[in-house]
Each structure stands twice: as structure tokens, then as C-alpha cells.
Amino acid sequence: MYLKEDYRQIGKRRCLFELRINDNVSAEVTEPVNIGETSITINPVIFKSGKQSISINLKPFPGRKTIMNEKPFRLEIGYYDFTEKLDSMGNRTWHKVFELPEIEIPEEGLSQIKIEKEFEAQVPYEITTWDEYVDLREIPNIEQKVVEEYKRVRQMIAEKKINELKEYFWPSYQEIGVTLYQSQKDIERDWIGNVDIINKYSSEELQPIEEYRILFSTNGKSITLKSKKLNGLPSALVFIRKKENGNGFKYGYIELHLSMKKGTNKLIPVMI
């Protein structure tokens, strides 16, 4: 068994895409951008050892009917084992566990590409709390309930109620900390990062809960609102500030994922 593996995805894309691992959005591009390869830690979407599902959905950029690029998307998944010694160059060994086969594009292109795959992962933890949650897609008026909760949290942020916010978010920070092998000091540092964002911006720069899109994950057991502003932002809980030179905007956001335990009617924050 490996100890303290840091699983990562490395990808390069030339189209719009959504990548889900275990039905959680691990990465996405919803607007045309110039992005090369990136490396993202995916441990938070790996809940236990064994088979992990991969779902990839590729679409052409707006204004185009088909994907024409010869190599529109590349995906590699592997891990670094932090119990292993560094090599002579001071680097850790990359252990590849999955590589997406090259996608063949016909001469006329493809209007959409959907791919389902699996890979194996071994992790020294097991997150079982998802068994306690309901499928939110089956709840009537779930959008209204979620928007109301977002507005309630937005008000706490606007009033900079840091202690109340920490009490609200802390259990979810503790749980995601398990998947990232974080110490209490590490988790506290992540929380302070959010506090810094809240204190950096004014309440007037905190956007109302509007112009959002709904995103379900974990087989409908988690829901989040993403902002459509500035061509799409990671959360509807977002501050937007015009740059001093008047050219463009700066923004800061607080992510909020919500679930509901069986036998209750209360939305609560969860890790992802």
C-alpha cells in the first residue's frame, strides 16, 4: 500500500471540456481560453481505494460546429509518493496510473466527444459520509433552497462575520484536509486564505446571487452555484473589483458546496 500519495491530473486541451472523476468536476473550460498543460491535485475527488471513474465531455469552442484539432485533449493521471526518497536532482518519481489514448479526429471533425474510463488508486483514507446524503436532484424546489442558503452565507460574508463563517465551513475543511494529508496548521492556513479574501474586498464588491449556473456532483449528492459573470467564475459567492488602470477586473471568491443528510431538510456545506 502506498502512503500519502498526491494524485494529480495533467492535461492539455484545445476545446471546451468538462472532466469528472467519480462524478465530481475536477476541471472544466466553459469559455475559449489559451491554456497549455496544467497539473491539478485530485485527491479530494478520490474517496477510497479501488476503481475511480473518469467522464470526459468535449465540445467545440463557440462559433465552431466541430472539434477539428488533431489532439484536442490530453489526460494523464498519476501520483507522487511522499514516503519515497528524492532522486539525485531533488525530484520525486512520477508514478503514472492512467493515460488517455489519443483521440482520433476524422477529417470532417466531431461535434462532441464523450469518453468514459476508469483508473485504480490506493489511498490511506476512506471518506464514507457521502452515504449519509440524499440525491438533491429529487428534492422539489432545490434551486430555491440552494439560492436561499447562498444568500444567507453571502450576508455573513458581507457583514464579515468571520467566527460564524468559520464555524459553518470548518467541518468541510476538516474533511477535505484528510484527503490532502493536511495538518491542523495547514487547514487553518487554507481558512485564513478565505478570510484574507473577505477582508480584502468591500461588501459593495460582493456580487448578488444572480447570473449563476447550477452544478450537481457526486451522483446528485452535492450542489454548487457557479457565477456566469466575467465569462464564468468558480463560485457565485464572488467579489469583483475593477482594476485601478480601468483595464479589466480582479476577483476573489469563496467556494460553497452543499448537501443534505437523510432525514433532514437542512443544507450543509461539504468538502466538494
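Where in helix 2 do Trp 170 and Tyr 173 stand relative to each other, and about how many helical turns separate them? They are three residues apart in helix 2 (residues 162–179), and so about one helical turn lies between them; helices here are DSSP runs (H or I, at least four residues), as strands are (E, at least two), and both are numbered from the N terminus.

The model is predicted, so that local features need pLDDT of at least 70 and side-chain atom pairs count only at pLDDT 80 or more, while totals for chains, interfaces and linings use all residues. Residues are numbered from 1 along each chain as its sequence is written, and side-chain values use heavy atoms, with hydrogens and water left out.

Rings of Phe, Tyr and Trp (its six-membered ring) are paired if their centres lie within 6.5 Å, and planes under 30 degrees apart count as stacked, over 60 as edge-to-face and the rest as tilted. Twelve aromatic pairs are found by this rule. Trp 170 and Tyr 173 make a stacked pair, with 6.5 Å from centre to centre and 5 degrees between the planes. Trp 170 is buried at 18% relative accessibility, and Tyr 173 is buried at 16%, where buried means under 20% relative accessible area, exposed over 50% and partly exposed in between (1.4 Å probe, protein chains only).

A second stacked pair joins Tyr 201 and Phe 239, at 5.2 Å centre to centre and 15 degrees between the planes. Because Tyr 201 lies in the loop between helix 3 (184–200) and strand 9 (212–217), and Phe 239 in strand 11 (residues 238–242), this pair ties together parts that are 38 residues apart in sequence. Tyr 201 is buried, with a relative accessible area of 3%, as is Phe 239, with 1%.
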